[in-house]
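Dear colleague,

I am passing on the structure we spoke about, together with some notes on what I found in it. Please look through it alongside the text below.

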Amino acid sequence: MAPKKNKLKKMLSPPTPPPAETMADDNDLMDDLFAQLDSKDDGTRKESAIILNEMQIDQVADKLEAAPKKDGKARHKARQARKAAALAETYAPTDTAADARLEREAKEEEEQITKTSDELGLMIHEINPDGHCLFSAVADQLALLGILPPSAATYATCRRAAAEYIHAHPNDFLPFLPSDLGEDGAGATEPGLMDRAQFERYCATMRDTAIWGGEPEVVALSRAYGVPIHVVQGGKPPVVVHDPAGEQAQPAGDKRIAYISYHRRLYGLGEHYNSLRPKTFVSSLKAVFQ
């Protein structure tokens, strides 16, 4: 872990422009860091959190944000550092009572999602928690429905589809995308939303990196592939429906529905998506391999 700590310090310090190879390594390192924070292994998660807290990366982010406004790379690193710091603070082992509460809430959420899934004749198919989980979960569903061939049912395919749909329909999505510099930041529109340059960057980042996808991307995927996406979650409502026709309800009995589950508490980073497969499908697979 020590070599990783030293490399992270070097990566997050205000830089002289690095060669392209170093930048690629830095991006891979940050993906690796987030993957560790997202690990199901409690020890791995806490170890990563401790290192980040020791590095005081909140202060690093402050320095990076003070860089000249034209230094977009430094500001991007600052946002990465700020997010990592928040996650590290959340998951560092500092409060036993808070840890117990989060564990209890995670268990309750899992029970609610399992109950709703059982009622729908579905069961959880776990998706790797790597930043691509939403797109991998939807890809799995699109393959089950025959909308995508298995060879094309990947997170990369779905990332591209979501990003391209959002990019092609800016008026549908811009009202829901806050400026990445904050509502008072340079370049924000009057309501604090993204300007066109930020929107272009958002779409490219969503297409090409492991940044998390959320509700805008669920909506985009539903419309891009013309299939309702039903999101099972803990709390109320137990199922959130995203229909490509908008408010129009899907006809009863229509089986072309993609089912995914949304977990706020299950994994280290607090937000995760899984695919929900029909129990009959899973039973058939088990029968084949028995």
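**Helix packing and buried residues**

H8 and H10 are roughly antiparallel to each other, since their axes cross at roughly 165 degrees and angles over 145 degrees count as roughly antiparallel. Please keep in mind, throughout what follows, that this is a predicted model.

To place these two helices, H8 covers residues 155–168 and H10 covers residues 196–208, and their axes come within 8 Å of each other. The crossing in which H8 passes H10 is left-handed. On the H8 side the contact involves Arg159, Arg160, Ala163, Ile166 and His167, and these meet Arg196, Phe199, Glu200, Cys203, Met206 and Arg207 of H10. Sorted by class, the contact of H8 with H10 has five nonpolar residues, five charged residues and one polar residue.

H8 also packs against H7, and here the axes are 8 Å apart and the angle is about 100 degrees. H7 and H8 are therefore roughly perpendicular to each other, because angles of 65 to 115 degrees are counted in that way. From H7 the contact takes in Phe135, Ser136, Val138, Ala139 and Leu142, while H8 contributes Tyr155, Cys158, Arg159 and Ala162. By class, the contact of H7 with H8 divides into seven nonpolar residues, one polar and one charged.

Within H7, which runs over residues 133–144, you will find Ala137. Ala137 has a relative accessible area of 0% and is therefore buried, as buried means under 20%. The C-alpha atom of Ala137 is separated by 8.0 Å from that of Tyr155, which is 18 residues away along the chain. Apart from neighbours within four places in sequence, Ala137 is in contact with Ile127, Ile260, Tyr273, Asn274 and Ser275.

Turning to the strands, Ser261 is found in strand E4, which spans residues 258–263, and Ser261 counts as buried at 0% relative accessibility. The side chain of Ser261 is joined to the side chain of His263 by a polar contact of 2.8 Å. Leaving out residues up to four places away in sequence, Ser261 touches Ile113, Ile124, Val232, His272, Tyr273, Asn274 and Leu276.

One of those residues, His272, is found in strand E5, which spans residues 272–278. His272 is likewise buried, with a relative accessible area of 0%. A polar atom of the His272 side chain lies 3.1 Å from the backbone oxygen of Ile127, and the side chain of His272 also makes a polar contact of 3.0 Å with the side chain of Asn274.

A separate point for your attention is the peptide bond from Lys236 to Pro237, which is cis, with omega near -5 degrees. Pro237 is found in the loop between strand E2 (229–233) and strand E3 (239–242).

For the chain as a whole, the secondary structure comes to 12 helices and five strands. Buried residues make up 40% of the 290 residues. Of the contacts between residues at least 6 apart in sequence, 65% join residues at least 24 apart.

Conventions:
Residues numbered from 1 in each chain as written. Predicted model: local features only at pLDDT ≥ 70, side-chain atom pairs only at ≥ 80, totals over all residues. Heavy atoms only, no water. Axes fitted to C-alpha atoms, helices over the stretch in contact; angles between N-to-C directions. Helix = DSSP H or I, 4+ residues; strand = E, 2+ residues; numbered from the N terminus. Parallel < 35°, antiparallel > 145°, perpendicular 65-115°, else oblique. Left-handed = near helix turned anticlockwise from the far one by under 90°. Contact = heavy atoms within 4.5 Å. Nonpolar A, V, L, I, M, F, W, Y, C, P; charged D, E, K, R; others polar. Buried < 20%, exposed > 50% of the residue type's maximum accessible area, 1.4 Å probe, protein only. Polar contact = N/O pair within 3.5 Å; in protein donor to acceptor, adjacent residues only side chain to side chain.
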